[in-house]
Amino acid sequence: MKISKYLHSCLVFELNGYKLLFDPGNFTFAEGLVDPAAFADVQGMVITHIHPDHYYLENIKKILAINDIPIYTNTQVGSALNKEGIKSTVWDDGIYHIGPFKLQAITATHEPILGNPLPQMTAFIINDKILHPVDSMADTLLGYNGVELLILVSMAPFATEVRIAAFADKIQPKQILPVHDGYAKDFFIEQRYENYYNYFKKQNIVFHKIYKPGDSITIG
């Protein structure tokens, strides 16, 4: 499976020629580093929650204008899309199959943000190998200890690096793909990712230092 990153938490999962897009939020096209045409051949879009760095209506409309793909999301985001005349499929907790992908949807608690109500948020287990907790580091996700890949928030207003690393320590994945870095300068990301890399290397966990648009990893 190939996983490509398009700034912040925008990811494309590709397997057997099928591409699934996650969270093209407000950072994705903001600086012109990514063009909507990059998603012209994806077959579906997943939106995890309503925060603008994950759900950004303008970007969704740009993508749909060139590629009228189905959208899969939760009730809160689905309601917001419906008000804009955009159809979506609402997923409750459970297992869903899209092309070669098996997705287990899990309601997860978003980390608290100052002055911001908690949204409804859906985390995922993908093909029994990848834990995508989105913006959650809740203890309810610790049951997925030992997964092949953890998609990990690397910096955020709701967490310190110490707390982020402690969550990964508990999960003990074989590999980590960092996300949630779209508001940081390149030099800062590179510095912090080198720090994460060295920290997790001591535990034989591979930390992938990717952040530029289109950078990707492949897992078996």
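I take helices (H or I, at least four residues) and strands (E, at least two) as DSSP runs, numbered from the N terminus. With that, I place His180 in the loop between β12 (175–179) and α4.

**Ground rules**

The model is predicted, so I ask for pLDDT of at least 70 for local features and count side-chain atom pairs only at pLDDT 80 or more, while totals for chains, interfaces and linings use all residues. Residues are numbered from 1 along each chain as its sequence is written, and side-chain values use heavy atoms, with hydrogens and water left out.

**Entry: two histidines with positive phi**

I looked up backbone angles. Most residues other than glycine have a negative phi. His180 is not a glycine, yet its phi is positive, about 70°. His8 also has a positive phi, near 60°. I find His8 in the loop between β1 (2–5) and β2.

Are these histidines buried or exposed? I use relative accessible area with a 1.4 Å probe on protein chains only: buried means under 20%, exposed over 50%, partly exposed in between. His8 is buried because its value is 1%. His180 counts as buried because its value is 2%.

**Entry: Ser9**

Ser9 sits in the loop between β1 and β2. Its relative accessibility is 2%, so I log Ser9 as buried. For contacts I require heavy atoms within 4.5 Å. Setting aside residues up to four places away in sequence, Ser9 touches Phe22, Asp23, His54, Val179 and His180.

**Entry: the open sheet**

I traced 7 strands in an open sheet with mixed pairing, in the order β6-β5-β4-β3-β2-β1-β14. Two strands pair if DSSP finds at least two bridges between them. Which strands stand at the edges? They are β6 (89–90) and β14 (216–218); each has a single partner strand, so one side of each lacks a neighbour in the sheet. β1 and β14 run antiparallel and are joined by 3 bridges.

**Entry: Glu14**

Glu14 belongs to strand β2 (residues 11–15). I count Glu14 as partly exposed because its relative accessibility is 26%. Beyond four places in sequence, Glu14 touches Met1, Lys2, Lys19 and Phe101. Phe101 is 87 residues away along the chain, but the C-alpha atoms of Glu14 and Phe101 are separated by 9.1 Å.

**Entry: nonpolar cores**

In soluble globular proteins, nonpolar side chains tend to be buried together. I define a nonpolar core as a set of buried Ala, Val, Leu, Ile, Met, Phe, Trp, Tyr and Cys residues joined through side-chain atoms within 4.5 Å. The largest has 27 residues, and Leu150, Leu152, Ile176 and Phe200 have the most contacts inside it. β11 (149–153), α3 (161–171) and α4 (186–201) each give two or more residues to this core. The largest share, 5 residues, comes from α3. A second, separate core has 25 residues, including Leu103, Ala105, Phe124 and Ile126.

I then checked Ile176. Leaving aside neighbours within four places in sequence, its contacts include Leu149, Leu150, Leu152, Ala168 and Phe200. Ile205, Val206, Phe207 and His208 are also in contact with Ile176.
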